[in-house]
Amino acid sequence: MPAHVHESDTTTDPLAHERAHLAASRAALRAMREDAQALDIRDVTANWVNAAVLQAQITDRVKSLADLTHTPLFFGRLDYLHVVGAEKAEGAEGEQFYIGRRHVHDAGGDPMVIDWRAPVSQPFYRASRNDPLDVGQRRRFGYTGGELTAYEDEHLTDQTETAQTSKLLQAEIERPRVGPMRDIVATIQPEQDEIVRSELGGSVCVQGGPGTGKTAVGLHRVAYLLYAHRERLARTGTLVIGPNRSFLHYIEQVLPALGELEVKQATVDDLVTSHVEVRGTDEARAAVVKGDARMAEVLRRAIRSHVTPPTEPVMVVRGSRRWRVPAYEIEEMVNELLARDMRYGAAHEALPQRIAHAVLVRMEEAGEAPDDRVQNAVARNPAVKAAVKAVWPAVEPSKLVLRLLSDPEFLAAQADGLLTEDEQKLILWTKPVRSVKSARWSAADAVLIDEAMDLVARTHSLGHVVIDEAQDLSPMQYRAVGRRCSTGSATVLGDLAQGTTPWSTQSWAQALHHLGKSDAVVEELTAGFRVPREVIAYASRLLPVISPGLAAVESVRESPGSLSVRGVEAADALDAAVVAACEESLEQQGSTGLIAADARIPALAAALTAAGHSYLSPGQETTAESRLTLVPASLAKGLEYDYVVLDEPAAVVDGEPDERTGLRRLYVALTRAVSGLIVVHATPLPHQLRSTE
Ligand SMILES: Nc1ncnc2c1ncn2[C@@H]1O[C@H](COP(=O)(O)OP(=O)(O)OP(=O)(O)O)[C@@H](O)[C@H]1O
């Protein structure tokens, strides 16, 4: 017997009961909202600051209790065989739970809808015929425009029922992709759920091909962690890191839709450029050296090179007395501070106190009874200050990096045995730079400054950080992210085959080492929810070259999708053929993305405009009226469109400094389509795409 799908079309409507529960849940949510709005805080707050804080909390709560017409209150129901938590005694009564995006209770406090993140909801995602987790029946609901219109049942203990792919899941995967990314809370798959619910203490790394749900999983994991560890994470903070602004725009609605409004989003550049303005760029070879983990050691040496062994004693004059701390004693203090490997800035603060303490010991020996105030005064004594300046001077991180990049001798001394002479030459500025302000800092320089800042003073750590498209980070960037979760944990998401930076990740073990999370568990996702079978098979022809050893994604899409590869005879007919392909795609429902090598964008923009088509840029939200986006290949990562027209693959490959990176960029571009891909080319396709061997 197959699992059942019910449509609402009979008079003895089996949906009537469920619709009544939906209506009752809505009424209960309304009552919860009215209760929150009616809270009178005048009598309970002692002062206006407390009142303002409380009022803000109430406003947030009211906001979170909004009933959004297009997000159904519940999407599933679990019928337990026994009372949850009770011994599974014969005859014990089962319970029913409706699973939704948020918790709703009735006037008596009994649950009407259970938050998907609650432990009792977990079997909705994990229960199977092999392991029913005490669930007799799992029901999934289907909605059309906010109306409950269908449900689908699985009887998990009925061994005669055959397992089938859920039609509602299929419908969810096939739905047109207009607008920003949506949550997948109703259809999270068991292997995804394992990652979403893994514990806060441990870090997780997910390797997954295009469209396997890495981004979706990362965002749902944040929502889950905020639910399970709300107080701790509210204190320490969470952060989602994405590759660029347009990607962050694309994903920015997912967490608010799940009721989480507080999560910050940033690029790695955002994190490290608060202290210098980035106006310069690096040649790829220079950026590779600057992003190499050896630079961390160069910087460590460079900062420590400021520590000079004392040669003079310190003479402190107080009143009529003089106190002398000999040079060897100060040297002992310095050696002890160096051995403790504390932050350079902390040691700089500690040294005057140590010297002052030595003076105090002498005062006591001489019969005086100095207290803490005397010690502080001695620490501020000009002689002590002068000694500290000579021995352990303050270092300004950006000045340190400026000196490293502009003073060949200084760099040679610090990089000896770490960087070759050629590597040193590559990163040295060719023109003299006068000041931190006037320097044309690059993004990689900003990461070096960030590292130097951490050597001076420890970077504040958040509770949890998610890094998406992590494969593009350099070792030094991993370190920059790692220090932002040094006392917290991380979720690292990426695909080695999509690495398109010259320093992209070769192995997750190395990446996790640089991040400081070598103990992270590496998981793999292989089921693809975006790209149709035929299209992923075509793109996967590149895998043996771009990432040998990685398995191709297995598409779970049942609809075959469409792939069309069109050669154009004359180069000057290319633009028109591309515009025609866009027009063809736009006849279908949903969004169309025209992806092309960055250098081809101006020509295609002109061709579209000439043909009377307006278009969006990546990150701008597609709407029912505006469904065409012109996407430079360099910004395509992480995005998706119902239909993709790919212009001139050879130009996409040629747009990158080397062939492997070019083919990886092409792989990214080929894997953005949900329903159909049209490849249009005037020059021959890269041969790896042509052969099927
Ligand atoms: N369990 C699921 N149910 C429904 N849709 C899903 C599921 N998992 C992923 N998807 C959808 O598949 C698409 C691809 O997901 P996502 O962007 O998270 O993949 P990705 O692995 O990050 O891809 P890429 O490597 O290309 O960045 C999205 O539209 C997402 O909503």
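This is a predicted model: local features need pLDDT of at least 70, side-chain atom pairs count only at pLDDT 80 or more; totals for chains, interfaces and linings use all residues.
**Before the figures.** Residues are numbered from 1 along each chain as its sequence is written.

**Figure 1. The whole protein comes before the close-ups.** The protein has 29 helices and 22 strands; these elements are DSSP runs numbered from the N terminus, with helices being H or I of at least four residues and strands being E of at least two. Along the principal axes, the C-alpha atoms fill a box of roughly 105 × 75 × 45 Å. Of the 693 residues, 42% count as buried. Here a residue is buried if 20 or more other C-beta atoms lie within 10 Å of its own, exposed if 12 or fewer, and partly exposed in between, with C-beta atoms placed from the backbone. Two residues are in contact if their C-beta atoms, placed from the backbone, lie within 7 Å. Among contacts between residues at least 6 apart in sequence, 75% join residues at least 24 apart.

Figure 2. Of the 22 residues around the ligand, T187, G213, K214, T215 and F529 come nearest. To be near, a residue must have its C-beta atom, placed from the backbone, within 6 Å of the molecule. Both α4 (167-174) and α6 (214-228) supply at least two residues of this shell, and the largest share, three residues, comes from α6. By class, the shell has six nonpolar, 11 polar and five charged residues. In this scheme Ala, Val, Leu, Ile, Met, Phe, Trp, Tyr, Cys and Pro count as nonpolar, Asp, Glu, Lys and Arg as charged, and the others, Gly among them, as polar.

**Figure 3. Here is an open sheet of six strands.** Strands of a sheet pair through backbone hydrogen bonds, either parallel or antiparallel. In this sheet the pairing is parallel, and the order is β10-β9-β13-β14-β8-β15. β10 (264-266) and β15 (521-525) stand at the edges with a single partner strand each, so one side of each is left without a neighbour in the sheet. From one strand to the next, the twist averages 15°. Two strands count as paired if DSSP finds at least two bridges between them; β9 (residues 238-241) and β10 pair over three bridges. For L239, the bridge partner in β10 is K264. Helix α22 (residues 508-515) lies across β8 (204-208), β14 (489-494) and β15, and runs at about 145° to β14. Angles run from 0 to 180 degrees between N-to-C directions, and axes are lines fitted to C-alpha atoms, for helices over the stretch in contact.

**Figure 4. Helices α13 and α14 pack together.** Two packed helices are described by the angle between their axes and the distance between the axes. For α13 (residues 327-339) and α14 (residues 344-365), the angle is about 145° and the axes are 10 Å apart. E329, I330, M333 and L337 in α13 meet A347, A350, L351, R354, I355 and A358 in α14. By class, this contact has eight nonpolar, no polar and two charged residues.

**Figure 5. Two buried residues, I184 and V113, are seen with their contacts.** I184 lies in the loop between α4 and α5 (190-196). I184 is buried because 21 other C-beta atoms lie within 10 Å. Leaving aside neighbours within four places in sequence, I184 is in contact with G213, A216 and H220. V113 has its place in strand β5 (residues 111-115), and counts as buried because it has 26 C-beta neighbours inside 10 Å. With neighbours within four places in sequence again left aside, V113 is in contact with S25, L73, F74, Y98, G100, H103 and V104. V113 and Y98 are 15 residues apart in sequence and 4.9 Å apart in space, C-alpha to C-alpha.

Figure 6. Most residues other than glycine have a negative phi. D134 is partly exposed, with 17 other C-beta atoms within 10 Å. E469 sits in the loop between β13 (464-467) and α21 (475-482), and is buried, with 22 other C-beta atoms within 10 Å.
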